Amino acid sequence: MKDNLEGKIRSVLEDTARKHQTISYRMLAIEAEIPGPQIIHKLTTALEDIFRTDYKNGVLSLVPLAVSRGTPPIPRSGFFILLRELGLYDGQDQGPEAINKHAALLTEIYKSRPQN
């Protein structure tokens, strides 16, 4: 089940990357067909696992494409906490530092994928 769920999430993220877009947590959960209850919690747990695996394997992760519907549309605090845990970021969870870090990650992802 876990591998299938991660595969579906990765597939949606790959499609999103090729479009040079981001996707809200809710839309990602729907498109990846994550079963309820607590679909957003299941999604964020899976996203953290995916990011850790990608980091461990030296692979550019597409997890930063998943964002909150709020303004600005960046990942939630847990994403930045994970970045700090992995030694990839030392800034705040919100505000200009977080926005800039997220923008830099998106630029790196988009450069690695030809746009559809």
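## A buried phenylalanine and its partners

In this predicted model, Phe79 has a relative accessible area of 9% and is therefore buried, given that the cut-off for a buried residue is under 20%. Phe79 and Phe80 form an aromatic pair of the edge-to-face kind, with 5.2 Å from centre to centre and 85° between the planes, and both Phe79 and Phe80 are buried.

A pair of aromatic rings is described by the distance of the centres and the angle of the planes. The structure holds 3 aromatic pairs. In the one made by Phe51 and Phe79, the ring centres are 5.8 Å apart and the planes stand at 85°, so this pair is edge-to-face. Because Phe51 lies in helix H3 (residues 39–56) and Phe79 in helix H4 (residues 77–85), the pair ties together parts that are 28 residues apart in sequence. Phe51 is buried as well, with a relative accessible area of 7%.

## Helix H4 and its buried side

Which residues of H4 are buried? In H4 the buried residues are Phe79, Phe80, Leu82 and Leu83, and they cover an arc of only 155° around the axis, which means that they lie on the same side of H4. An α-helix has 3.6 residues a turn, so residues three or four places apart point the same way.

The buried residues of H4 pack against H3 and H5. Just after H4, Gly87 takes a positive phi of about 75°.

## The nonpolar core

The largest nonpolar core has 33 residues, and those that touch the most other members are Ile9, Leu13, Leu28, Ile34, Leu43, Leu47 and Leu65. Helix H1 (2–18), helix H2 (25–31), H3, H4 and helix H5 (96–112) each supply at least two residues of this core, and H3 gives the most, with 6 residues. In soluble globular proteins, nonpolar side chains tend to be buried together.

Leu47 shows what such a position touches: leaving aside its neighbours within four places in sequence, Leu47 is in contact with Ile9, Leu13, Tyr25, Leu28, Val63 and Ala66.

## A serine in strand S1

Ser24 has its place in strand S1 (residues 23–24). Is Ser24 buried or exposed? With a relative accessible area of 14%, Ser24 falls under the 20% cut-off and is therefore buried. When residues up to four places away in sequence are not counted, Ser24 touches Val67 and Arg69.

## The chain as a whole

The protein chain has 5 helices and 2 strands, and from the N terminus on its elements run α-β-α-α-β-α-α. The radius of gyration of the protein chain is 13 Å, close to the 13 Å that the globule rule gives for 116 residues, so the chain is as compact as a globular protein of that length. Along the principal axes, the C-alpha trace spans about 35 × 30 × 30 Å.

Of the 116 residues in the protein chain, 40% are buried. Among the contacts with a separation of 6 or more, 57% are between residues 24 or more positions apart. The accessible surface of the protein chain comes to about 6,700 Å², and 51% of this surface belongs to carbon and sulfur atoms.

Technical notes
Residues numbered from 1 in each chain as written. Predicted model: local features only at pLDDT ≥ 70, side-chain atom pairs only at ≥ 80, totals over all residues. Heavy atoms only, no water. Phe/Tyr/Trp six-rings, centres within 6.5 Å; stacked < 30°, edge-to-face > 60°. Helix = DSSP H or I, 4+ residues; strand = E, 2+ residues; numbered from the N terminus. Buried < 20%, exposed > 50% of the residue type's maximum accessible area, 1.4 Å probe, protein only. Contact = heavy atoms within 4.5 Å. Core = buried A, V, L, I, M, F, W, Y, C linked by side-chain atoms within 4.5 Å. Rg over C-alpha atoms; globule rule 2.2 N^0.38 Å. Areas by Shrake-Rupley, 256 points an atom, 1.4 Å probe, with all protein chains shown as cover. Arc of directions from axis to C-beta.
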